[in-house]
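User: I'm new to this. Can you show me how to read what sits inside a protein model?

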Amino acid sequence: MDEPKGTEGDPGHGGAPPPPFRAAVDALRGARLRPQIEVDPSPAPKRLAPYAYALEAAVVDGEEDLADGRLVLLHDPAGHDAWRGTFRLVTLVRAELEPEMAADPLLPDVCWSWLTGALAARGLSYGEPSGTVTRASSHYFGGLSARPAASQIEIRASWTPREGLGGVPDAGAHLVAWCDLLAQVAGLPPAAPGD
């Protein structure tokens, strides 16, 4: 994975990330993930925090992507009032839906509970969760009318991981929980205990 960097254009932080951020990124790199989930570093946003690290992931079945998403680790050593901490995790998760599932009026609530449930199942402490669940349907007309209607779910969320020793959150465990969410959205069975 790429070397973590401070975001560009922030002269107050030089180029060297602080030790807590480096430790959190190392934990992301060392996380043991399900084999169906492919994770790669991606360009981090430059304006959300002094330090940021981003990953993209896809749940893959053969040649087909069942779900995909992005997880961004943000760090502001000075803290952030809205975060109530110095770290924040921000995510986007997307997946195609079966028509019956897309029609369920409780789907947004269920999808949000998948996120909070994934964090709780891993015993993770966090605060200040916020986000949206969006359900979209596409119907095709004219030259595209042969395509079947399609529905997609999109979860956008952020939360503050609680910091442990040395002011470092267990970012690797949060990544594993996030991958549990991706797998659930993709329709995979739950991970075996200990995975």
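Predicted model: local features only at pLDDT ≥ 70, side-chain atom pairs only at ≥ 80, totals over all residues.

Analyst: Residues are numbered from 1 along each chain as its sequence is written, and side-chain values use heavy atoms, leaving out hydrogens and water.

User: How many residues does the largest nonpolar core have?

Analyst: In soluble globular proteins, nonpolar side chains tend to be buried together. A nonpolar core is a set of buried Ala, Val, Leu, Ile, Met, Phe, Trp, Tyr and Cys residues joined through side-chain atoms within 4.5 Å; buried means under 20% relative accessible area, with a 1.4 Å probe and protein chains only. Here the largest one has 47 residues, and Leu73 and Trp178 are among those with the most contacts inside it. Helix α4 (171-186) is one of its suppliers, and gives the most, twelve residues. Helices are DSSP runs of H or I, at least four residues, and strands are runs of E, at least two, numbered from the N terminus.

User: Is Leu182, then, buried or exposed?

Analyst: Leu182 counts as buried because its relative accessibility is 0%. Leu182 sits in α4 and touches Ala57, Val59 and Val93, among others, not counting residues up to four places away in sequence; contact means heavy atoms within 4.5 Å.

User: Which strand holds Asp76?

Analyst: Asp76 is in β4, residues 64-80. Among the residues Asp76 touches, beyond four places away in sequence, is Trp83.

Key. Buried < 20%, exposed > 50% of the residue type's maximum accessible area, 1.4 Å probe, protein only.
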